[in-house]
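Here are some notes for a colleague who is meeting this structure now. Please read them with the sequence and the structure side by side.

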Amino acid sequence: MALGCAERCALFAQRHQSALNFALLVVGYILYLLIGAGIFSAIELPYEQELRLELEAVRRDFLSNNTCVSDARLEELLVRVLEASNYGVSVLGNDTKHNWDFVSSLFFTSTVLTTTGYGHTVPLSDEGKAFCIFYSLCGIPVTLFFLSVVVQRIMVLVSRRPVAYFHRRWAVSKSKLAAVHAACLGVLMALLLLIIPAWIFTSLEKDWDFLESLYFCFISLTTIGLGDYVPGETHSREDIQHPQLYRLAITIYLLLGLVCVLVVLETCCELPQMKRLRQRFYRENVRELDSETTNIIDRDHLSDQLTDPSDQMHHHHPPVIPSVSQQAASLRQDKSTPYTPVSGPAANGNLR
């Protein structure tokens, strides 16, 4: 009885393997969210409580030293100041920076269209909020399309052609070569987009150390955009001689860096190892079609290797290559057609 139950369970797991894998993936992702929330709460909650107590102490000290100011009036002032700060407007005496000059507006549009959204500068008027909705509704799909086109063109130059060249030159397995290439590309991009820019921001932003600069670069290029660190918004902005040029350079860095990050991610997604991993979570019919497509591609590569280059030189017309769907249909037809052995006389006749 127990053996029969185990066999049925094994048969059920085999028939619904993709669904079980997908369920495990969902459960694993939810656990990852819960673990992250617990770790952040354990780390940040004591710092939040400490800062809250410090601010309450400063407030009591201010009221005790300035008896002419009531608690209610101070509360009203603080609420108004915090509301203005949320809109990117500061009440500090030495703050003369404008948030909506042309370069600052260009920086804002780049953060909106790339969905980074630091939140340090937001529209103040109803007209600006309405235009931001319309502008984003049209601009975000266009930006996604633009980035996909640019990434695909760069992929040909930095990923596909180098892997194909070294595959022919060194006769190395393409899957291993692609994995090594993706790792090297990731290390190079981390150096050029994270380490070096973080070192530059450390020297320009006097209030930032290297970890805070690295944190800003990573949060920005991954389009998380928390807004707690924004270049040019700290107390050291008076030391920057050309703030407009500085803000323009940051805008260009964020756009180019986002493209490079997408190139690295696309290179990793195209790895054969990642494709095989994704097949574990496909539905059965999708997985069957993907495996047939893989067999077709492998067969095309094998035929290309067996083709005599001299034969290709004599033929001026390019060969007609059937589509993947036609080849997949032919494979299905080959699988469904039973094998029938040829009779002896017919075989002898064919031999003659």
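The numbered points below cover the basis of the model, its salt bridges and a surface patch.

1. This is a predicted model, in which local features need pLDDT of at least 70 and side-chain atom pairs count only at pLDDT 80 or more, while totals for chains, interfaces and linings use all residues. Residues are numbered from 1 along each chain as its sequence is written, and side-chain values use heavy atoms, with hydrogens and water left out.

2. With a salt bridge taken as a side-chain nitrogen of Lys or Arg within 4 Å of a carboxyl oxygen of Asp or Glu, the count comes to six. One of them joins Arg-59 and Asp-71, at 2.5 Å from N to O; this pair links distant parts of the chain, since Arg-59 lies in helix H2 and Asp-71 in helix H3 (residues 71-86), 12 residues apart.

3. Arg-59 also forms a salt bridge with Glu-75, whose closest N and O atoms are 2.6 Å apart. Arg-59 is partly exposed, at 27% relative accessible area (buried is under 20%, exposed over 50%, partly exposed in between, with a 1.4 Å probe and protein chains only).

4. Within helix H3, Glu-76 and Arg-73 lie three residues apart, about one turn of the helix, and they form a salt bridge with closest N and O atoms 3.2 Å apart. Arg-73 counts as exposed because its relative accessibility is 56%, whereas Glu-76, at 48%, counts as partly exposed.

5. A nonpolar surface patch, with about 1100 Å² of accessible area together, includes Phe-22, Val-26 and Tyr-47. Patch residues have over 30% relative accessible area and no salt bridge, with like charges joined within 9 Å and nonpolar side chains (Val, Leu, Ile, Met, Phe, Trp, Tyr) within 5 Å. Val-26 is found in helix H2 (residues 17-65).

Key: Areas by Shrake-Rupley, 256 points an atom, 1.4 Å probe, with all protein chains shown as cover. Helix = DSSP H or I, 4+ residues; strand = E, 2+ residues; numbered from the N terminus.
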